[in-house]
Amino acid sequence: MKEKGEEEQGEYCNSTIILPGEILYEILTYVPFDDLLRRCRWVCREWNGLTYDSTLRRLHCERTQSVSGYLIEYLTKNTTFHINFVHSIASSPSSSISLDFMPEMNIRIRASTYHAQGLLCCFSELTHRYYVCKPMTQQWTKIPNPTILGYGEEMAIAVMKSNPLHFKIIRFSQCRNDFLLQYCEIFDSKNWAWRVHSEFERFPYFIHFDNEGEVLLHGSFHWLTFIDEQEIIFAFDVYKENWRLIKVPPRSQLSSSSSLEEGGDQEKVAEAMNCEVPIEKILVNCKGHLGVLYTPKLPCMEQCSWIEVWVMEDYLEETSWKKKYRLSLKPLEQIVGWYYILAVDTMDDSISILVRTFDKLIWYNCTTGVLTKVKNLEIPTTTTSIRSIHKFNSDSLPCDLGPK
């Protein structure tokens with residue numbers, strides 16, 4: 001976003017230089033990762049679309065030594081935590097991410113930034129200390145512990161400014177003496193201290209955060225939550241430090257077109273759709289728009305392997321939800337058998353899902369029906385359980401994290 005002085009200077013420009021598409025494409029593959037994820041997306045629709053181009057992002061990662069993907073956290077049978085980095089469909093598998101450089105063992109990831117700085121907020125299961133680190137440069141710093149000793153912790157971290165580095169950590173927790181009482185605390189790197197959000201104490205509802213993680217869009221973190229037994233999206237603005245509630249879109253009813261997309265007999269599909277199959281909802285970033293993905297929690301049932309994606313076209317208008325995709329996952333089921341969806345990625349004009357099987361992690365393009373990436377699990381699923389998954393982008397530039 002331009003500064004005021006830049007906008008005023010631009011008013012005196014009476015000519016516009018339009019670069020040929022191939023030259024612009026080449027330039028964007030060399031810009032700093034932070035500029036690609038922030039400023040370039042605000043220039044125009046065309047530039048925003050290019051930042052979600054998988055080929056451009058792959059070239060950019062190679063040329064700027066950046067990474068983009070997901071950190072998957074496992075808990076082994078001997079109660080130690082282990083992370084596995086999975087590159088996104090638009091990232092070249094040239095780097096590995098580890099927390100072995102940290103000053104303690106058995107470190108857990110509490111939150112990760114979506115921004116190019118690649119910051120993690122971590123917690124030690126042994127000493128109960130909190131850290132902020134940058135795995136790509138193996139930098140770390142200890143931060144003060146939160147002021148409230150709560151449980152049921154949900155956290156998020158956002159970079160407010162890259163130079164000088166300014167970040168905030170948002171923490172929600174439950175009171176140990178009254179489980180219906182919730183707190184919101186904010187750590188600001190400018191003050192290097194936690195403070196309790198006094199207004200949130202008067203929030204009239206109890207929020208049940210889901211385990212699917214958050215999505216950062218429009219300066220706000222979004223969580224799928226339950227409030228008074230109703231599923232709703234809770235959005236917390238990290239700049240204004242206020243919140244709003246957004247209704248989730250309704251899953252579409254069965255139609256003849258959706259039956260054709262399922263690729264099965266209409267009567268069988270109708271019978272499967274009308275049965276009481278539990279539906280999983282996952283928040284997604286659809287090329288800069290907030291989206292909700294629906295899929296059965298019990299895949300591999302006959303005619304019950306599909307996804308449906310709704311997109312909020314106007315973020316300020318709750319009734320602007322539009323169905324963008326409804327695709328069958330039967331081809332995936334036929335290839336791998338049992339699977340579990342871990343993450344969703346939207347690049348180009350398609351949607352891909354990261355799934356876990358018994359011994360592999362697989363990127364599957366739901367639009368084309370093609371397995372785009374396959375990775376063997378480093379630790380067998382028989383000896384581990386996945387505890388969390390975190391979106392992770394990072395450049396390789398050192399940064400000043402603050403006091404140690």
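What follows is a short tour of a predicted model, with stops at an asparagine, the cysteines and some salt bridges.

## A tucked-in asparagine

Let's start with Asn106, which sits in the loop between β2 (81-87) and β3 (107-112). Asn106 has a relative accessible area of 17%, so with the cut-off for buried at under 20%, it counts as buried.

What does Asn106 touch? Leaving aside residues up to four places away in sequence, the list is Thr79, Thr80, Phe81, Phe123, Ser124, Glu125 and Leu126.

## Cysteines without disulfides

You'll find zero disulfides here. Take Cys44: its nearest cysteine sulfur belongs to Cys40 and is 9.7 Å away. Cys44 is partly exposed at 31% relative accessibility, while Cys286 is buried at 5%.

## Salt bridges

The whole structure has 16 salt bridges. One of them pairs Glu308 with Arg326, at 2.8 Å from N to O. Glu308 belongs to strand β18 (residues 306-312) and Arg326 to strand β19 (residues 321-328), so this pair ties together parts 18 residues apart in sequence. Both Glu308 and Arg326 are buried.

Another joins Asp35 and Arg39, with the closest N and O atoms 4.0 Å apart. Here Asp35 is partly exposed at 23%, and Arg39 is exposed at 54%. Lys360 and Asp359 pair up too, at 3.4 Å.

Conventions:
Residues numbered from 1 in each chain as written. Predicted model: local features only at pLDDT ≥ 70, side-chain atom pairs only at ≥ 80, totals over all residues. Heavy atoms only, no water. Helix = DSSP H or I, 4+ residues; strand = E, 2+ residues; numbered from the N terminus. Buried < 20%, exposed > 50% of the residue type's maximum accessible area, 1.4 Å probe, protein only. Contact = heavy atoms within 4.5 Å. Disulfide = S-S within 2.5 Å. Salt bridge = Lys/Arg side-chain N within 4 Å of Asp/Glu carboxyl O.
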